[in-house]
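Here are a few friendly notes to read beside the model. Please keep the viewer open as you go through them.

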Amino acid sequence: MTAPAAYRVSHLDALEAESIFVIREVVAELERPVLLFSGGKDSIVMLRLAEKAFAPARIPFPVMHVDTGHNFPEVLDYRDRRVAEMGLQLVVASVQEALESGLVQEPADGVRNRIQTPVLLDAVEKYRFDALFGGARRDEEKARAKERVFSFRDDFGQWDPKNQRPELWSLYNGRHHPGESIRVFPLSNWTELDVWHYIAREKINLPTIYYAHQREVVERDGMLYAVNEFISPRAGETPFVEQVRYRTVGDASCTAAVRSAADTVQSVIEEVAATRITERGATRGDDRVSEAAMEDRKREGYF
């Protein structure tokens, strides 16, 4: 009698199954979830996972973008197109509107990333969201490596890294009081390389900004920033055209590009496999404010 064939699940299949389980668990446990969708690669992958989690039904929650007003146009175009294609409800929490209402003040350096936090918390309170799906991964940054899949936030939206709930045997505790919320990270155990392998396998379209292209940039603090309406050359800086791509996208005033010839999914995979610095470490100027910049923002309520 022949032995039964061994049943094996691929690495990507295992990650996908875990993430889909997390998404379904949130919908089962909590009342008003929302998925943070910026048009960046991680949120795009999260949206695909949510689509698979509930197919053939529609995704049973809205998506939200905390819009700084300093966005790359390619990414905003993608966001609006994808939301329309899927028939999703899009909630835009606007930093510009918050500035006009007096909720926040324009930072002296013009970088709006830090003032996203009160805008996000205001939207959470306004729409009474009790669970927020975020695309953060543990490999991105050391503060994110500390965080659980279900990350409890108090009624001020704050995170205490020393007071987190255990997640033994993938059992997730979504219990909370009114006003409190849970940040949920279905991609916690993924790496940047996993994300790109999944994009390749699923044939997911991305904003063109993720692939090599010619762009006018300036070199600042060892990083290449695009010259645009939000970033102008400073004294001593000379703009030049370089072939670059973006490994991550965010506020255009603090997100840098990397030199690259990778203009296809496969060539990006090869490039990421060879790199030894995370995408945030290589391209996010806001993370260089201090050694604990990300953790400080997460304590305040940042996603």
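The numbered points below cover the basis of the model, its cores, its strands and its surface.

1. A word on the basis: this is a predicted model, in which local features need pLDDT of at least 70 and side-chain atom pairs count only at pLDDT 80 or more, while totals for chains, interfaces and linings use all residues. Residues are numbered from 1 along each chain as its sequence is written, and side-chain values use heavy atoms, with hydrogens and water left out.

2. Start inside. The largest nonpolar core has 56 residues, and L35, V45, F150 and W196 have the most contacts within it. (A nonpolar core is a set of buried Ala, Val, Leu, Ile, Met, Phe, Trp, Tyr and Cys residues joined through side-chain atoms within 4.5 Å; buried means under 20% relative accessible area, exposed over 50%, and partly exposed in between, with a 1.4 Å probe and protein chains only.) At least two residues of this core come from each of α1 (11-29), α2 (41-54), α3 (73-86), β4 (131-133), β6, α7 (192-202), β8 (223-226) and α8 (265-274). The most come from α2, which gives eight. Helices (H or I, at least four residues) and strands (E, at least two) are DSSP runs, numbered from the N terminus.

3. Now pick out V45. Leaving aside residues up to four places away in sequence, V45 touches L187, W190, V195, Y198, I199 and I204; contact means heavy atoms within 4.5 Å.

4. There is also a second, separate core of 17 residues, and V34, M64, A98 and V124 are among them.

5. Strand β1 (residues 33-36) is worth a close look. P33 and L35 point one way and V34 and L36 the other, and all are buried. β1 runs parallel to β4, joined by three bridges, and P33 has A131 as its bridge partner there. β1 also pairs in the parallel sense with β2 (residues 63-67) over two bridges, where L36 stands opposite M64. Strands pair if DSSP finds at least two bridges between them.

6. Is R144 buried or exposed? R144, in helix α6 (residues 142-145), counts as buried because its relative accessibility is 7%. Its C-alpha atom is separated by 8.5 Å from that of S188, 44 residues apart along the chain.

7. Finally, turn to W169, in the loop between β5 (150-153) and β6 (181-184). W169 is exposed, because its relative accessible area is 75%.
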